[in-house]
Amino acid sequence: MEVVEKRRQLVLWLMVMVESLVFLCACCAEIPPRKILQDEDRNPHIRLKRSKQKVIIDNGLVEVTIENPSGHVMGIKYMGIDNVLECGNPNSNRGYWDIVWDDSAFDKCVLHHFYINDFLNICHFFNYLVVCMLLPRMETKHVKVIAHTDDLVELSFTKKWHFTTDRGKTVPLNIDKRFIVRRGVPGLYMYGIFERRHDFPEAQMYQLRIVFKLKEDKFGFMALSDTRQGMVPRGEDRDSSRSQTLAFKEAVLLTNPSNPQLKGEVDDKYQYSCENKDNKLHGWISDDDAVGFWIITPSNEFRTGGPHKQDLTSHVGPIALSFTAYMNKMFVSTHYTGIDIDVTYKKGEAWRKVFGPVLIYLNSASSDDDHRDTLWNDAKRQLSEEIESWPYNFTRSRYFPHAEERGEVCGQLLVRDRFLDEEPMQAQSAFVGLAAPGNAGSWQTEGKGYQFWTQTDNTGRFNIKNVRAGEYNLYAWVHGFIGDYKLDLNITIQPGYKINLGTLIYDPPRNGPTLWEIGIPDRTAAEFFVPEPHPAFVNSLCLDATDKFRQYGLWDRYSELYRHGDLVYTVGVSNYSRDWFFAHVPRNTGNSTKWSTTWQIKYNLQDVNEEGNYTLQLALAATSYAELQIRFNDRDAIQPSFTTSRIGYDNAVARHGIHGLYRLYSINIPGNRFGEGDNAIFLTQTRSHGSFDAVMYDYIRLEAPAV
């Protein structure tokens, strides 16, 4: 046995020497022999090789090549595929971090100038940002081996920002991009540590993400969820010779795609969006090789805007003169919120945040008929393992705390609404979270700190684990009830401590008993009538009932369905799932002309308390460059009884979202504005500059005066 072991060690040694010689031959012109020996393989489990141009990490399952010192991922070798990334692209356009930023910090009146018109002007604005305010690849200047053991390699690619040389040229951030390859894991862990010192200049950072661009001739099947999976067009299919641009440049109708089965379908990256809470796994499959490429996100703590904020996942997109498949990992963005989200960093404001880690995971299967299901299910299994392992204990940055360095908060949430029940009710499946101190609901637009969310059980109990040390407020919202809860107490999380908040009571806004209601208080418009897509504008990935609202062009169906007059809803007769259109949009009258629209709610009151005050609870699921005016029993009144004024930048209608930012208005109406018998409320969305000036309703309730 001793002889056998010695022979095994000799064979391993010879294999290492052969690989070293091969690498030496390839790199001898780049780096002196002493450097190779210094950085060469030190164990048979994970091999690390460095030259002046690149760093290679190989664990026997994947071989990852990173450009030195920029930190761009040049290649990933897996299962006989020399590089799953698009080799036709330059090194900086395969796997990279990028950021959209502005060092002059536009003030909101300038932004209003761009946002005031239709969606095309918004696109022009962000194109302006990309071109003029830069979309850098966040290149680094130095590389350091943080760890090289039998179990893992961790590399750090860094760049320090300098006022004299970088002002106006690169984002004012100190950058530390980390890469980890672990023994036995076919993939690459990535995370970033970004820091602003207090003396850095003011800046706005609109978007921060990781992008991977895969081999287009291999990866053509996209998987976002159990129901959203399918073949997608090649990038070249979006060219003007093969497609027709629709209402905005992101959406095209495929007229002559390379795959004839996709002819007549719409491709639009926003159709592949997903809420943060669900955006844990997405990726691509190469059918020829039966290989999957996935981005796995085990935690949302570093994402902005809370669990319901929507963002991009995978999509097809242009790269200079060629096209390829995109893999996005969005960390910060203004999608579905617009400029309402706080992404402005002022001079004197120090800031540091860790984004990730996320896992770039590769898997393979036998090339049989069900290899797609095999790959998808294996990726879900890996996701479960990563969630179970969070927070990771193998990262080496002191800024990513391990489990023992974090805290915990638990408690029970009850809801008290005496008009429904004399006793407090258990807040079942409520969302409860910790976020930066602010006003109730401010977590929706919080863009700088960490957030930690969970859902309550059937008794309203919650347990928020693995919370980073720091100061937070506790927020919540409860399905079936309007408004936002906030505990009026700052919570300081300390490492290793568990805080029990006991029983908390949420009193949702309520002034009197319900006379009638429309919808469900769930912060979306999903329960309302979502029409079938026009047969000429279909995306097969959105055919499932739960994703029906993601189809292109649904806003135009309103003008078709209500050709001769606007929506009229009669309480007690109409059904909101059939008779209440999901989005209050302008009427398209042809010739690029849009008219504002007025919806009407008819209802009957038997007894009117003219001395009391009634309350209209108006919850909005989304608002895009809109103004909603409300009139009671007099459609032609010059002055509305209530107006929201101009609100909203979330553009949820054009981006195929069923909600954006949640807003609640409690509107008091004197009883003398009502009459016994028939009454009507008129809801006018006054703005009609473009098709997407719109409101989505969440829930409407009329309350009688309290007795």
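Biologist: How many disulfides does the structure hold?

Modeller: A disulfide is a pair of cysteine sulfur atoms within 2.5 Å. The structure holds zero of them. This is a predicted model, in which local features need pLDDT of at least 70 and side-chain atom pairs count only at pLDDT 80 or more, while totals for chains, interfaces and linings use all residues. Residues are numbered from 1 along each chain as its sequence is written, and side-chain values use heavy atoms, with hydrogens and water left out.

Biologist: Is C87 buried or partly exposed, and how does C410 count?

Modeller: The terms rest on relative accessible area: buried is under 20%, exposed is over 50%, and partly exposed is in between (1.4 Å probe, protein chains only). C87 is partly exposed because its relative accessibility is 38%. C410, at 12%, counts as buried.

Biologist: Now a helix. What span does α6 reach?

Modeller: Helices (H or I, at least four residues) and strands (E, at least two) are DSSP runs, numbered from the N terminus. The expected span of a helix is 1.5 Å times one less than its number of residues. Helix α6 covers residues 371-389, which is 19 residues. From its first C-alpha to its last it reaches 27 Å, close to the 27 Å expected.

Biologist: Which residues of α6 are buried, and where do they fall around the axis of α6?

Modeller: They are H371, L375, W376, A379, Q382, L383 and E386. The arc is taken from the directions from the helix axis to the C-beta atoms. Here the buried residues fall within an arc of 130 degrees, so they line one face of α6.

Biologist: What covers the buried residues of α6?

Modeller: Contact means heavy atoms within 4.5 Å. The cover includes β9 (187-196), β17 (281-286), β18 (291-296) and β23 (351-364).

Biologist: How many salt bridges does a search of the whole structure find?

Modeller: Side chains of opposite charge can pair when their charged atoms come close. A salt bridge is a side-chain nitrogen of Lys or Arg within 4 Å of a carboxyl oxygen of Asp or Glu. The search finds 36.

Biologist: Which residue forms a salt bridge with D287?

Modeller: R372 does, with the closest N and O atoms 2.6 Å apart. R372 lies in helix α6 and D287 in the loop between β17 and β18, so the pair ties together parts 85 residues apart in sequence. R372 is partly exposed at 27%, and D287 is partly exposed at 22%.

Biologist: How many residues apart are R557 and E560 in helix α7?

Modeller: Three, so about one helical turn separates them in α7 (residues 554-561). R557 is buried at 15%, whereas E560 is partly exposed at 32%. The buried residues of α7, R557 among them, pack against β35 (587-590) and β37 (597-605).

Biologist: Which residues are linked with R510 in a network of salt bridges?

Modeller: D417, R701 and E703 are linked with R510.

Biologist: Which residues of the largest nonpolar core touch the most other members?

Modeller: A nonpolar core is a set of buried Ala, Val, Leu, Ile, Met, Phe, Trp, Tyr and Cys residues joined through side-chain atoms within 4.5 Å. The largest one has 101 residues, and F212, F293, L413 and L474 touch the most other members. Strand β23 gives the most to this core, with eight residues. Apart from it lies another core, of 58 residues, including L253, L620, I669 and L702.
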